[in-house]
Structures are given as structure tokens and as C-alpha cells.
Amino acid sequence: MSLYLAIMNYLVRYLIPLSLASLLGCQTTPTTPVDLVVFNATVYPVDSAFSQAQAFAVQDGKFVAVGSTDDIRRRYKAKEEVDAQGKFIYPGFYDAHCHFYRYALGLRDANLVSTNSWPEVVAKLTAQRQQYPQAAWLTGRGWDQNDWPTKQFPTKDTLDKLFPDVPVFLTRVDGHAALVNQKALDLAGVTATTPISGGTITRDARGKLTGLLVDNAVRLVSNKIPEPTPAEADAALLQGQQNCVAVGLTSLADAGLNRADVERMESLQKQGKLKLRLYTMLNPTKENRAYYLPKGPSFGDRLTIASFKVYADGALGSRGACLVEPYADRPKETGFLLSTEKEYRALAKELAASKFQMNTHAIGDSANRIILDIYGEALQGQQDRRWRIEHAQVITPADMPKFGRFGIVPSVQPTHATSDMYWAGERLGSKRLKTAYAYEELRKQYGQVALGSDFPVEDINPLYGFHSAVARQDAKNYPAGGFQPENALSRPDALRGMTTWAAHAAFEEKQKGRIQPGMAADFVVLDKDLLKAPAPELRGTKVLQTWIAGEKVYSKK
């Protein structure tokens with residue numbers, strides 16, 4: 001018995017505890033190596049259940065697991081661990097409609113956004129010329145006569161006096177009108193008799209050019225502005241990228257590019273300098289179609305080439321939007337299409353025979369009706385081609401169901417509603433205004449809306465768009481109760497619109513837009529909970545960090 005007791009004592013004192021320790025060790029020691037673990041966070045994966053998590057693991061630029069802090073830290077051994085300290089994490093924000101290339105190259109333009117008068121514009125131009133006295137052209141962007149006391153379009157008279165020897169080109173906030181001086185008109189060979197289709201060369205009562213160009217007329221002068229050098233363009237794109245990641249953007253849909261633009265950005269991506277993910281909409285030029293259509297769409301890790309961007313009409317602010325009935329404040333004008341219906345129909349037929357998307361800028365209710373009907377004819381019942389209407393701004397009740405019937409993605413920009421609300425009623429009248437900027441109704445029709453900003457027309461910050469979408473208010477939280485609040489989006493839907501629904505609109509929903517295994521590890525860390533913070537605080541939410549493919553590309557200092 002003494003030997004038996006000795007053996008049992010040995011087992012109890014040494015072997016059993018050792019076995020238990022080994023067993024417990026297997027359960028608590030991380031066994032799977034990964035690049036990154038983020039824990040102690042409030043994570044919104046934006047999955048189908050709209051659940052919450054606390055942590056996730058990343059390997060090779062993709063999410064591999066999402067769960068609780070205890071679970072993720074127990075299962076994964078990371079090269080880098082990040083304690084989020086309770087902050088709020090969302091999928092990287094996706095701007096579904098912007099002009100990144102144009103925005104970046106315009107960073108040296110005079111910033112005329114939010115100017116309150118024409119004299120203020122002139123003062124900014126004078127300062128710009130003093131800063132860049134050797135520049136071949138004096139360029140500016142962002143003026144809006146609707147923000148000025150008189151609300152009248154400016155003329156070139158002052159520009160001719162102050163800058164007689166340098167061409168001046170000033171783009172209106174919507175990009176569909178520009179004011180130029182006589183020097184610019186002379187360089188472009190534009191006179192009072194120059195023919196133009198789908199645009200306006202504005203003249204005064206005596207037939208004299210005022211310097212205001214609208215829609216297709218803008219290109220007569222803009223085409224004469226010298227292109228930047230390759231070094232200047234690269235530097236501008238990288239500065240633009242830094243501005244984007246600082247506000248939480250990780251993916252962009254760049255609307256309206258030529259082959260050279262795409263290849264420049266692709267080159268920077270291949271060099272590892274341009275880290276943003278880009279969905280490019282090609283200009284439907286003969287050259288672009290001849291080069292890209294035979295190749296078919298391409299879906300790369302950082303670059304998607306799968307669509308053509310078409311313009312149906314102009315902008316409401318410059319009265320270029322094509323309306324069914326005349327403008328309320330100009331009873332003899334209805335706006336105009338920028339090409340003929342025959343041309344749009346031929347292009348739609350050509351693209352329907354390919355696998356490319358057709359994404360069409362349509363503001364007025366007539367433009368939306370024409371394009372929706374052309375889409376329906378061309379697609380012939382194909383429901384998952386994801387052709388898009390960009391802006392979808394003014395739509396008649398009769399045309400609204402066509403988004404669902406034809407499977408057309410509404411791609412909208414919430415800050416347009418809160419920028420235009422002060423004067424849109426003057427253009428449209430109260431009845432027609434009720435079916436303008438109708439984002440919730442569009443969501444009901446298609447089941448989703450892709451959200452963007454149209455920057456540089458609007459600010460690049462996607463949180464401004466989130467606030468406008470859910471509160472229907474401007475930066476000063478005006479008006480009380482919101483502008484047409486029946487068309488506000490819910491907070492979960494607004495977040496979907498700038499993540500997974502934006503990805504869906506680009507056939508990228510299996511790659512990005514959610515924090516879940518297999519998806520690109522793009523995420524943003526904020527200091528506030530977008531789902532719970534009071535509406536007046538949303539625009540002030542701070543981006544603390546932005547990550548693309550598991551790499552930190554921005555951190556707030």
C-alpha cells in the first residue's frame with residue numbers, strides 16, 4: 001500500500017497539474033499568426049444583421065476573423081496589436097461619385113467655395129495671382145451666384161480690367177458653367193458667332209459676350225489650359241490622396257476619366273505610392289471605347305475599370321438641367337440635353353452588348369425619364385447589370401418605379417440636397433420639389449442607394465454627407481426638423497450607402513465594404529458613434545486613423 005500511496009501522491013502533486021496546465025495552455029495561448037489584431041473597440045462590421053463586435057484580425061491585407069476581444073486575442077498571435085481604447089470602427093468609407101483626378105489637379109486653383117459676393121471672388125483671384133505670378137493661366141473653382149446677395153451671374157468686365165494679359169478661367173461650383181475673361185476667349189477663338197450644341201455662350205442684350213459659358217461651351221476654353229507636367233500631376237494626386245485618407249476615405253469612384261488619367265493613377269498604385277482603391281468611370285470617347293471595350297471590364301485589387309460615365313444634362317443651379325416642364329423662375333426655359341436621344345440610345349446599345357456599366361449624370365426630370373427609358377430598352381430585362389443614374393436629382397412620381405423595374409442603381413450625393421435647398425424651390429416650384437433629392441424613396445425602389453459627394457463640387461468629407469443624409473440639415477443644423485425629412489435615410493442605411501452599397505454599385509461587394517473574413521482590411525477609426533451620436537455632433541466627428549489593406553495610412557496628430 002505504501003508504494004500505491006506513493007504513486008498516487010506523485011500523480012496528484014506533479015503529473016495531473018502538469019497535464020491540466022498543458023491543456024489550459026493550449027486553450028489560452030494564441031496559435032494562429034497574423035499581421036494585425038485590433039481589440040477593445042466598438043466595431044460595426046456592416047453585415048446583414050448589422051451586428052457589433054469588439055475586435056478583428058488581419059492577415060495579408062484581409063480580415064480573417066471578427067469577434068470579441070477575448071476570443072480574437074486568445075486565437076491569434078499578431079505581429080502588431082492595436083488597443084482601440086473603446087473607439088468606433090467602421091469599414092473604410094467609399095465615395096461612390098467624385099472627381100478625384102480633377103480635384104487633385106485643382107488644388108492650386110483659387111478656392112472660391114463659400115464666397116459671399118463677387119468682390120470677394122475678385123479679392124481671392126488677386127491674392128492667387130500674387131502667389132503664383134508666373135502661372136500661364138489664373139484658374140479658380142467653386143463660386144456660386146446663389147450664395148451672393150444679387151444671385152446674378154457675374155460678367156467678365158472686372159476680369160478684363162484687372163487681368164488683361166493673363167487668361168482667367170473660373171469654374172462654377174457644379175462644374176457645369178465657367179466664367180472667363182476676354183484673353184481666354186481670344187486664345188480659344190470663341191466669338192459671338194461661334195456655334196455650340198448642348199451648351200450656351202452667353203451674350204448680353206447687345207449681343208456682346210459676357211464671359212459666361214455653360215455645359216458644352218465650357219470645353220471650348222478649358223481644352224486650351226495647359227496640362228500639368230508629369231511631376232506636377234503626380235505630386236497633386238498624392239496630395240489629394242492625403243486629403244482623402246484624412247477624412248476616412250479608402251475607396252473612390254472617379255467619374256469621367258481618359259485613358260492617360262487612368263494609366264497615371266495605375267502607375268502610382270503599382271509603385272506603392274497611391275494606396276486608394278479606385279473605381280474608374282471612363283469618358284465615352286471614341287478612343288476610350290475603341291481601347292477598353294475589346295478588353296472587357298477589369299477588377300484589380302486597387303483598380304476597377306468597368307464603366308463609362310455619360311452626361312445627359314447640366315446642373316440645376318445654372319439652369320442646364322433638362323426638365324419636363326419649364327423652370328419656375330424662367331417660364332420660357334426647360335434646360336437641354338447635352339447630346340441627342342439618338343446618340344444616347346446608340347451608346348446604350350453598344351454598352352449593353354458589352355459587360356461594361358453605363359453610368360449617366362441625370363439631374364432634371366426629363367433627363368432622368370429619357371435615360372431610364374433608354375436603359376430599359378437596351379437592357380431588355382437584364383436585372384443585374386447595375387447600370388447607374390448619377391445624381392438622380394429630380395424625378396417624376398411616374399418615373400420613380402423604373403429604378404426597381406429596370407434594376408438601375410441610384411447613385412446620389414446627400415450634400416447636394418442641403419446645398420441646393422435654399423434656392424431649388426425657386427427653380428422647380430413647390431410641387432416638383434417634393435420629388436427632388438428623394439433618397440429614401442429611391443432606396444425603396446431599388447433596395448439600395450450608393451452615396452457619394454461629387455467632390456470637388458461638395459466637400460470631400462464623407463461625414464458631411466452622412467449628416468445630410470440622416471438629418472437633411474446643413475452645417476448649422478438648418479432647417480429645424482430637416483429639409484423634406486420624409487426622404488432622410490436611416491443611420492444604418494446611410495452607413496451602408498457609403499460602404500457596402502457603394503461597393504455593390506461597382507460590383508465590388510465581395511471585395512470591400514464590410515469588416516468580415518475575406519474582405520479587404522480597409523477600416524476607419526472615429527471618436528464618435530455614428531449610430532448614436534446626436535445629429536448636431538455628426539459633422540464634428542473626428543477621424544483618428546485610416547487603414548487600407550491592413551496598413552495605417554493616416555493617424556490624427
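How many helices and strands does the protein have? The protein has 20 helices and 24 strands. Both are DSSP runs numbered from the N terminus: helices are H or I with at least four residues, strands are E with at least two.

## Basis of the model

This is a predicted model, in which local features need pLDDT of at least 70, side-chain atom pairs count only at pLDDT 80 or more, and totals for chains, interfaces and linings use all residues. Residues are numbered from 1 along each chain as its sequence is written, and side-chain values use heavy atoms, with hydrogens and water left out.

## Overall dimensions

Along the principal axes, the C-alpha atoms fill a box of roughly 125 × 55 × 55 Å.

## Burial, contacts and surface

Of the 557 residues, 55% are buried. Buried means under 20% relative accessible area, exposed means over 50%, and partly exposed lies in between (1.4 Å probe, protein chains only). Take contacts between residues at least 6 apart in sequence: 72% of them join residues at least 24 apart. A contact means heavy atoms within 4.5 Å.

The protein exposes about 23,800 Å², and carbon and sulfur atoms supply 53% of that area. Areas come from the Shrake-Rupley method with a 1.4 Å probe; for residues, only the protein chains shown count as cover.

## Charges

There are 67 positive and 59 negative charges, and their mean positions are 2 Å apart. Lys and Arg count as positive, Asp and Glu as negative; His and the chain ends are not counted. Each charge is placed at NZ of Lys, CZ of Arg, CG of Asp or CD of Glu.

## Aromatic pairs

The structure holds 16 aromatic pairs. Rings of Phe, Tyr and Trp (its six-membered ring) pair if their centres lie within 6.5 Å; planes under 30 degrees apart are stacked, over 60 edge-to-face, the rest tilted. Tryptophan 143 and phenylalanine 153 have ring centres 6.3 Å apart and planes at 90 degrees, so they pair edge-to-face. Tryptophan 143 sits in strand S9 (residues 138–143), and phenylalanine 153 in the loop between S9 and helix H5 (157–162). Tryptophan 143 is buried at 1% relative accessible area. Phenylalanine 153 is partly exposed at 23%.

Tyrosine 291 and tyrosine 292 also pair edge-to-face, because their ring centres are 4.8 Å apart and their planes stand at 90 degrees. Tyrosine 291 is partly exposed at 27%; tyrosine 292 is buried at 5%. Elsewhere, ring pairs link Tyr44, Phe50, Tyr90 and Phe93 into a cluster.
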